[in-house]
Amino acid sequence: MQYMAQKHFDKIMQVLKDMPRPIILIIRNMNTIRAICQEHGNLIDRYGIMAKSAIRGARKFGIQDISWTGRIKAWLEMMNYDFRIKAENFKIWIGIVYLRILVWLGRVPSLEEIRSVIEKEQKRLNPV
């Protein structure tokens with residue numbers, strides 16, 4: 001990503017110069033809010049909220065033209081999305097329980113050591 005930014009630096013700077021000041025302020029505020037949420041443990045599921053909003057918006061857009069089958073498909077898409085999120089959360093929970101059992105049996109380092117390694121990697125990959 002940095003390589004692409006360096007490659008197109010002049011174009012990026014021109015777009016930023018042409019952009020209205022209020023838009024730049026909004027982008028900066030969004031970055032600040034994102035950084036605050038990350039510092040507090042990502043309490044907000046931004047991606048989940050955006051995905052559900054997009055599904056709802058696609059369902060509501062042109063509501064007069066949508067048939068019953070279209071409404072059922074939209075509802076099924078929402079249920080499929082919710083199921084996949086819950087399944088992913090369940091996998092994570094199973095992994096944590098498995099790690100706790102291994103720690104209890106003395107087969108792996110303590111969870112605090114694992115957490116510190118994960119936090120270091122997250123900071124390395126997402127320097128905000």
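## Helix α5

Helix α5 contains 38 residues and spans 55 Å from its first C-alpha to its last, close to the 56 Å expected at 1.5 Å a residue. The expected span is 1.5 Å times one less than the number of residues. Helices here are DSSP runs of H or I with at least four residues, numbered from the N terminus, as are strands (E, at least two). Just after α5, Gly106 adopts a positive phi of about 80°.

The buried residues of α5 are Gly70, Ala74, Met78, Tyr81, Asp82 and Leu102. Buried denotes a relative accessible area under 20%, exposed over 50%, and partly exposed the range in between (1.4 Å probe, protein chains only).

## Basis of the model

The model is predicted: local features require pLDDT of at least 70, side-chain atom pairs count only at pLDDT 80 or more, and totals for chains, interfaces and linings use all residues. Residues are numbered from 1 along each chain as its sequence is written, and side-chain values use heavy atoms, with hydrogens and water left out.

## Salt bridges

A salt bridge requires a side-chain nitrogen of Lys or Arg within 4 Å of a carboxyl oxygen of Asp or Glu. By this rule there are two salt bridges. In α5 (residues 68–105), Lys91 and Glu88 lie three residues apart, about one turn of the helix, and their closest N and O atoms are 3.8 Å apart. Lys91 is exposed at 53% relative accessible area, while Glu88 is partly exposed at 41%.

The other pair, Arg115 and Glu112, has its closest N and O atoms 2.8 Å apart. These residues are three apart in helix α6 (residues 111–125), again about one helical turn. An α-helix has 3.6 residues a turn, so residues three or four places apart point the same way. Arg115 is partly exposed at 40%, and Glu112 is exposed at 54%.

## Second largest pocket

The second largest pocket has a volume of about 230 Å³, taken as the space filled by probe spheres set on grid points joined across faces, edges and corners. A pocket is an open set of points on a 1 Å grid over the protein atoms alone, where a 1.4 Å probe fits, with protein on both sides within 12 Å along at least five of seven lines; lining residues have an atom within 4 Å of a point.

The lining comprises Ile92, Ile96, Arg115, Ile118, Glu119 and Gln122. Both α5 and α6 give two or more residues to this lining, and α6 gives the most, with four.
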